[in-house]
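Hi everyone, thanks for making time this morning. Please have a look at the model on the screen, and I'll talk you through a few parts of it.

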Amino acid sequence: MTTTINKSFHLDHPVDQVWNNLTDPNKIVVCVPGAHLTEQVDENNYKGGVELKFGPVKAKYDGMVTFLERDVATKKMVLNGKGNDSKGKGNAEMTMNGQLTEKDGGTDINVSMEVNISGMLAQFGSRLINDVSNQIFDQFINNFKAQLSGGEVDNTLSAGSLVGGVIKGIFGKK
Amino acid sequence: MNKQITVTVNGTQQTLEVEPRTLLVHMIREILNLTGTHIGCDTTSCGACTILMDDKSVKSCTVLAVQANGKSITTIEGVSTEGAMNPLQEGFKENHGLHCGFCTPGMIMRATELLVNNPNPTEDEIRWGISGNLCRCTGYNNIVKAILYASAKMRGVPTASTEPEFV
Amino acid sequence: MKRKEDVRFLHGKGHYVDDIKLPGMLYMDIVRSPYAYAKIKKIDIEAALKVPGVVTVVTGKDLEKYNLHWMPTLMSDTQMVLPTDTVMYQSQEVAAVIATSRYAARDGREAVKVEYEPMKPLMDPYKSLEPGSPVLRTDKPNKKDNHIWHWEAGDKEKTEKVFASADVVVKQEMYIPRIHVVSIETCGCVADYDKVNNHLTMYMTTQAPHAIRTVIALVAGHVGLTEEKIRVVSPDIGGGFGGKVPVYPGYVIAIAVSFLTGVPVKWIEDRSENLQADSFARDYHITAEMAGTKEGKILATRFKVLCDHGYTDAAANPSKFPTGLFSIATGSYDYDTAYMEADAVYTNKPPGGVAYRCSFRVTEAVHAIERITDRFALEIGKDPAKVRMENFIKKEDFPWKSPTGWIYDSGDYHAGLKKVMEVVGYDALRKEQAEKRAKGELMGIGLSTFTEIVGAGPSKDFDILGIKMFDSAEIRVHPTGKAIARFGTKSQGQGHETTYAQIIAEVLGIPAENIQVEEGDTDTAPYGLGTYASRSTPTAGAAAAVAAKKLVDKARKIAAYLLEVSEDDLEWEPGKFSVKGAPEKTKTIQEIVFAAYTNHPQGMEAGFEATHYYDPPNLTFPSGAYICIVDIDKETGGIHVRRFVAIDDCGNIINPMIVQGQVHGGLTQGIAPAMYEELIYDDDGNMLNGTLMDYLVPTAVESPKWETGHTVTPSPHHPIGAKGVGESPTVGAPPAIANAIIDALSPYGIKHLDIPITPYKVWKALKEKGAI
Amino acid sequence: MIAASFEYDAPSTLEEAIGLLQQHGEDAKILSGGHSLIPMMKLRLASPERVIDINGIPGLSYIREEGGVLKIGAVTRESELEHSELLKKKFPIFADVTKLIADPQVRNMGTIGGNLAHGDAANDHPAAMLALRATVIATGPGGKRSIPIDEFFLGFYTTALEQTEILTEIQIPVPSKGTGSAYHKLERKVGDYATAGTAVQLTINDKGICTTIGIGLTNVNPIPLRATRSEQALLNKPLTDENIAAAAQMASEDCNPSADLRGDVEYKRAMVAVLVKRMIKKAIERAK
């Protein structure tokens, strides 16, 4: 089960600040709902996990977060997170491609996220995966923005931010 | 922690100890040894586990035994005395409404409530009325015919021929 | 006659495997792989063993000690019982948890921790064949690719010549998707090994108990479970359709555990396990070609097939027929040139290749020929009914030798098509269609005029693991003239208890009510190959008739003795002998049977029993002419089957009610793959519809009100002229439905859609062609 | 399939039930009809530690009209809605909806409250409630509060209900005459989740102008969706084919469906347009 999501948006923050947050493991990971880091393996590899809860459904993945690319010159980054279901019922992998471009003092951000789920959740929960990934991604972006503006980052998977995301989704299409 | 429940099954009141997660169908089959109620899918899709709870047809694979506390349960074993057949059972036999017999008890329990709510259903109403029960053998034609037969019999009007109709 | 078996089912007194409860019985649940292809790094059972009620956990390493971790398949390939290092498909068995209750076993399953190293699975059979693809069966020494076997039939050169010179050639790729039988009862067993007497009783959901007993002996003989120590009991079976022919790992694990513990072990799979791991059907990628004249004469056909078998070839076919009876694909049409070839390939899907209510791949064959015939008709702009009428094999030309070598026993194809066209009012429908098309409305009329091939089979060609495909009947008439008859077959709803009794009654004149039919216990029934491929009436039914005739011969001797006349002076009518010229001097069969025990001629063997193992001289070739009418909602692609009329010819009919019931059921299992069912996998090998919420078995609402009828063309070589019918409709319906839908869409240049044809597919096709 | 072990309570009063929710928080789930929760538990996608069965609480099952408001108790079974004479007369849309929910046995257990509180955009009532502009009554430690349906659905399986609240009632304004409503969903087979579904309620005055309209969409968005632009496009306008077609087009643009086994995004958007058009026309028929 693979699902890909692309989002583009503009931030007024200068490109270097956005780049620093986007490529700083401790800053970016806290923006991912339910995610946490446990230890740094080396410069590019970190151990961590993600815990998700949707109504009665819970999923917990432990694994690795890896920066595959952090090119400060082209402002392009690729982040990969791989995890196994804590109950051995499957695994999940997420690859995020980030591209920043400077735009009238601010930053144009182009992010794509590819989520791949295997095992139990793909077998019985395939209906969830796309919507859930969208929800996580929307909240990630909101958290990321909040962080840049120095706001509090809500790392638990809250629905509130989704509404924002969805409304954007709707009116974005007009 | 186990729960004590009191259920009336096919007219007999019983008090049982069950785990909260015990499914009603397992209580019926494994504890009460009433094996006429079957399990076919686990996802409320097939209806083989259909029984009556307080005279409403429900899928006992998706009801907890504890939910039946204080209620009355009717299974296929309770719809008639052995040897005798009620109009539905007779309708299924006379019209060849069963092949392997696995879905049959669920079909009959569902049809029982269907005919209470709608004593004189059209063929289309019957098909929608049993849309929660899967049969893999019969192609449904003769199940519909069997229920129409029972409906006529219960209303005291002449039943249609039970011979196969060929074009 | 109404069915004898119904009463117990109607009172909930049917006796299915899951109804069996033995003292001290343990329950088994199976840990399955979440991955389609992965190395097993570690199986940690510690936590599971701590779960209250869990007795033990069995892994491949445990079975390996007894060399029980692999087993042979019916096609002489090998299949894992439990893996020792690699899993080859999602939901493959990885370990078995044994516990004192169903619930504890399930909790234990949850507690088993398995570490996998997932690998990229091969899900596409074409990719799997490509050079450089990873070799899946590394267990096979010097296996260099994923190719399993190659098969051909017909005359390649001759076919190429005819195609080269033909004025019309049509070609169509078609995929017959992987589907699942979904008998409402899943599979399961209770293995009961008695250590003291070294005896195994195996209660299981099987269509072929005797063959299974032999297979168990082959698998477990080396640990002392030899065939005389094995009793296989197949109680009431909640539908089979081919899915209960194979030996599944769960059965073998249960036997192994019972053998080791000396305690009975029950294993009942749930629906998702059944859908995700049990044998699939179909999964044939077919390229069909037809050559003909522009006037509409069929000259030749050519078929190329790629068969996706999953990780092992566990198909249920006669040994010499890797593609089953696919070579019937030349169809009901009179031409003498055909060539077909097939290649089988390994992928990371579950193994299988079972019937789905079909005689060994005949459904794939019939879909190919009936679809390509319609493509041909469309190409030359001629009515598909006309094309069929003009190409049918003529009644007087039977027995007829097909281009692939089959000898069709009998048929009257023109009569069948004529009848179905009259019943639906074909010409009026074509007029209505023309009017609707003028208004832009979509209406389709689809035909299927097929020839089936059933009743496997003659011992010169047909065997399973070397055992010839005869079947058997044993009739024992008690002194009071009541009988018990036992068979090597096993009903899963076909009504054998009634039909067999009627066959014997017809020959012997003993009322069918007084004939008890028994099947499914290998300790009591004569050896037989079981019930599948519509073979029961053609083989065991014939055996019953022949055995009964043997008894009539014995009865004649006794009657002559009792009436003090010579045998030649006796006249037989079912039920009694009378003396020629003195009709008042008679002996009823009951009197004769009584004498067989109380007053039989000196020197004659006492008792009144006969057994016959029937080896059919040929297969039987049922046929059918079906018409389906559909209306399509252009905006949504919604498909409404307005009418479906099926005219079958299964030779002489023993019980019209049962035959019609079989046809109804077969038709619903025909519309299922045509419009609803398909096992769907993603590229990572996840099965995406592993429950009945997403694997769409038709309900009474999707299933139309079937209209059925028949023509009767007896089989000349069958003792009672019967042909077998259980599967014809499943075979014949899908192309009729597909042809109807394509017929409706053809004005927009749509020439083919693969089944299942869903509203979504129809809408997409219309969209592509700019029709909406 | 067998669920993991859990503790079970069957409170006999609402207060008791809410107390249990306060006590056990996150780990407790409310059991109403159970036909969404129990299958998830059997698949072990969900493993709540405690299940609180509210079926034994009296006074949560009713369908009545009070002061121009239709009030439905949360534990009212789908089959009761299906056969209610009051609803047949004033809200034909309920018969449309309930007939298409799962199957008769499931409807004998399933409740309207559970159907909404589950927060699943694939369920059928949410779209209907959007069309009917319903209000959800939640009861918690602080008593009752009203939640407009537009503020109820927050995310996938996520609603505005607090952990300690229970959905107890649904309130629907009884529409003036000249109002019609209709619901339909496309499904792969009977009892399936919608490929796409549309609920419409509208009022037409004697001049043929649309004076109220509500349009809700099923399973074509992460959360149940109101087709706001479509409503605006028709409000206070004559319901001409052109206007209806334009509104249908907007709905298909504004929804945000996911591709799944039922079809791709393009197909689902197209089906939304078809259904919005057809349900508006059906509602107009019924308004007459």
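Asn33(B) comes after helix 1 of chain B and has a positive phi, near 55°. This is a predicted model, so to speak: local features need pLDDT of at least 70, side-chain atom pairs count only at pLDDT 80 or more, and totals for chains, interfaces and linings use all residues. Residues are numbered from 1 along each chain as its sequence is written, while chains are lettered from A and ligands numbered from 1 in the order in which they are written. Helices (H or I, at least four residues) and strands (E, at least two) are DSSP runs, numbered from the N terminus.

Let's stay with that helix for a moment. Is helix 1 of chain B, residues 24-31, enclosed or open? Six of its eight residues are buried, so helix 1 is largely enclosed by the rest of the structure. Buried here means that 20 or more other C-beta atoms lie within 10 Å of the residue's own; with 12 or fewer a residue is exposed, in between it is partly exposed, and C-beta atoms are placed from the backbone. The buried ones are Leu24(B), Val25(B), His26(B), Met27(B), Ile28(B) and Arg29(B). They pack against strand 2 (12-18) and strand 3 (50-53) of chain B. Contact, by the way, means that the C-beta atoms of two residues, placed from the backbone, lie within 7 Å.

Now the whole of chain B. Its five helices and five strands follow the pattern β-β-α-β-β-β-α-α-α-α along the sequence. The radius of gyration is 16 Å, close to the 15 Å that the globule rule gives for 167 residues, so chain B is as compact as a globular protein of that length. That radius is taken over C-alpha atoms, and the rule is 2.2 Å times the number of residues to the power 0.38. Of the 167 residues of chain B, 63% count as buried.

Chain B is divided into domain 1 (3-78) and domain 2 (87-155), with bounds from an automatic or database domain assignment. Their C-alpha centres lie 21 Å apart. How many residues of domain 1 of chain B are in contact with domain 2 of chain B? There are 16, in contact with 12 residues of domain 2. On the domain 1 side, strand 3 and strand 4 (56-59) of chain B each supply at least two residues, and strand 3 gives the most, with three. That side of domain 1 divides into six nonpolar, eight polar and two charged residues. Nonpolar covers Ala, Val, Leu, Ile, Met, Phe, Trp, Tyr, Cys and Pro; charged covers Asp, Glu, Lys and Arg; the others, Gly among them, are polar.

On to chain C, where there is an open sheet of three strands in the order 27-28-29, with antiparallel pairing. Strands pair if DSSP finds at least two bridges between them. Which strands stand at the edges? Strand 27 (570-573) and strand 29 (582-588) of chain C do, each with a single partner strand, so one side of each is left without a neighbour in the sheet. The twist averages 30° from one strand to the next. Strand 27 pairs with strand 28 (residues 576-579) of chain C over four bridges, and Glu573(C) stands opposite Lys576(C) in strand 28.

Two helices lie across strands of this sheet. Helix 15 (residues 536-563) of chain C lies across strand 27, strand 28 and strand 29, at about 135° to strand 27. Helix 16 (residues 589-598) of chain C lies across strand 28 and strand 29, at about 50° to strand 29. For these angles, axes are lines fitted to C-alpha atoms, for helices over the stretch in contact, and angles run from 0 to 180 degrees between N-to-C directions.
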